Amino acid sequence: MFETLSDRLTSVFSSLRSKGRLSDADIDATAREIRIALLEADVALPVVKAFVAQVKERARGAEVSQALNPAQQVVKIVNDELIEILGGETRRLRFAKTAPTVVMLAGLQGAGKTTLAGKLARWLRDQGHAPLLVAADLQRPNAVQQLQVVGERAQVAVFAPEPGSGVGDPVDVARRSIDEARRLNHDIVIIDTAGRLGIDQEMMKQAADIRDAVRPDEVLFVVDAMIGQDAVTTAQAFMDGVGFDGVVLTKLDGDARGGAALSVRHITGRPIMFASTGEKLEDFDAFHPDRMASRILDMGDILTLIEQAQKTFDEEQAAKMAGKLTSGENFTLDDFLEQMMMVQKMGPIKNLLGMMPGMGQMRDQLNSIDDRDLDRIAAIIRSMTPGERQDPKIINGSRRARIAAGSGVTVSAVSNLVTRFFEAQKMMKRVAGGMGLPGMPGGRGKASKAQKKAKKGRRVSGDPRKAGLEKSASPSPDGEGGAPKAGGVLGNLGGKLPPGLELPPGFDPSKLKLPGQ
């Protein structure tokens, strides 16, 4: 969504790194580039003016003029102002003192309110609540049926007493839903209201009547992040006609320029509370201004990545797998398949890698990643016998042909997987030994013994290939075992990762230039 804005801002900051001190001319030039970047991203003009003015004022202050690295300070200022313009801090739902808490959704037709209702209900269910979806959109054809389908997928109850498609009174349905929630012990009611293709008085009156009838604890305005400047106009109209407490952005995974996200909060004064980032029901979460600002500035979103991993991976299972990973030989194809399936649950590999700092510079390579490659690898492993998965060394030519036929791939694909798996086993052992993981096999204790033995001298193989491998695995003079001298662990290992999880071609982590460096 923010690719264009992110690229422009990153290029602006890279031009500042070579400057020891920033003059007024440098600050004016930087502000001009930031203004152009925001306007190209479809941010509303009043928002751009206020943002740039604040950045210039702070950039001319003591925090930059007296800084050892002015470029880093400018990045920090822009980051702080982006967080502020996006809301400052994460806004949580306000729950009623006496259940049920009533949440009303409002917005134009096509913004994704019905699907959003299901996503919000699923998100609340995962947090231990018992939400009830209410079908109060009785105008759009099949809107009631759509909400029932979404509710079934989200495993959430739906209150739909009227067939819809022009039949029924939405205000009466909304009013009755409160009694239904109390009767069935639902602690949250989510009301899906009707929208229109454009703003009109009938829609506003109906939304206002529902609001007056149920007195919701939260009115959420659902806006399509891809409609650009119209998002600001629509938001202001709803603010004046119905009023709302928070904003929900949908379709943040689209290819629009994303200016709506930066504009709506500033124009209406209401915080962005949730964001929908995909078509699946689980592609939904609370909106964190600080994390979004980090993504825009290509600083990554490590906190979200960690949270997704914690939701997906079982802690005890992860600890058990860590032992296998560091021992290397005990790590089997069954273990690898299990780990790969868990990683897939976290979302597309491209999105996960995109949360790493500096990955905006690798966007073309990330876009070339195809998750179907993981499905093909899974098919190959599942076509093996239990014995072959435990000990891939027994896979000979005839076995490879059988596995290839069973998984619908070529024999060379099976051979490549087995070869890369053996390389991954070796890599894991070398990483554990080289990084000196405390308490792990191959940690610092063993490395110190190896160093003592190395001081006495050792034999070097006459085979040049083996000699090269021994040399690369030998302890370094700085006493850090086989730790890589440049490029990090990946650089020392030729950039190889476990099969199916390789980074894009041409990726060199040592060449990444993060904002503020």
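Helix α2 gives the most to the lining of the second largest cavity, with four residues. Helices here (H or I, at least four residues), like strands (E, at least two), are DSSP runs, numbered from the N terminus. Before going on, note that this is a predicted model: local features need pLDDT of at least 70, side-chain atom pairs count only at pLDDT 80 or more, and totals for chains, interfaces and linings use all residues. Residues are numbered from 1 along each chain as its sequence is written, and side-chain values use heavy atoms, with hydrogens and water left out.

Back to that cavity. By class, that is seven nonpolar, one polar and no charged residues. (Ala, Val, Leu, Ile, Met, Phe, Trp, Tyr, Cys and Pro count as nonpolar, Asp, Glu, Lys and Arg as charged, and the others, Gly among them, as polar.) The volume comes out at about 50 Å³, and a search of the whole structure turns up two cavities of 30 Å³ or more. On a 1 Å grid over the protein atoms alone, a cavity is a set of points where a 1.4 Å probe fits but cannot get out, and lining residues have an atom within 4 Å of a point. Grid points are joined across faces, edges and corners, and a volume is the space filled by probe spheres set on the points.

Now for how the helices pack. Two packed helices are described by the angle between their axes and the distance between the axes. The axes are lines fitted to C-alpha atoms over the stretch in contact, and angles run from 0 to 180 degrees between N-to-C directions.

| Helix pair | Axis distance | Angle |
|---|---|---|
| α2 (residues 24-40) and α3 (residues 45-59) | within 10 Å | roughly 155° |
| α6 (residues 113-126) and α7 (residues 143-154) | within 9 Å | roughly 25° |
| α8 (residues 170-183) and α9 (residues 201-214) | 9 Å | about 25° |

With axes crossing at roughly 155°, α2 is roughly antiparallel to α3 (over 145 degrees; under 35 counts as roughly parallel). α2 passes α3 in a right-handed crossing, meaning the near helix is turned clockwise from the far one by less than a right angle. The contact (heavy atoms within 4.5 Å) is made by I27, D28, A31, I34, R35, L38 and L39 of α2 and L45, V48, F51, V52, V55, K56 and A59 of α3. By class, there are eleven nonpolar, no polar and three charged residues in the contact of α2 with α3.

α6 and α7, on the other hand, are roughly parallel to each other, and their crossing is right-handed. T114, T115, A117, G118, R122 and R125 in α6 meet A143, Q146, L147, V150 and A154 in α7, giving five nonpolar, four polar and two charged residues.

α8 and α9 are also roughly parallel to each other, and α8 passes α9 in a right-handed crossing. P170, V171, A174, R175 and I178 of α8 touch Q206, D209, I210, A213 and V214 of α9. That contact has seven nonpolar, one polar and two charged residues.

Finally, a couple of backbone details. The peptide bond from A99 to P100 is cis, with omega near 5°, and P100 is found in the loop between α5 (70-85) and β1 (101-106). Q155 has phi near 60°, a positive value in a residue other than glycine, and lies in the loop between α7 and β3 (157-159).

How values were computed
Parallel < 35°, antiparallel > 145°, perpendicular 65-115°, else oblique. 1 Å grid on protein atoms, 1.4 Å probe; cavity = no way out; pocket = protein on both sides within 12 Å on 5 of 7 lines; lining within 4 Å.
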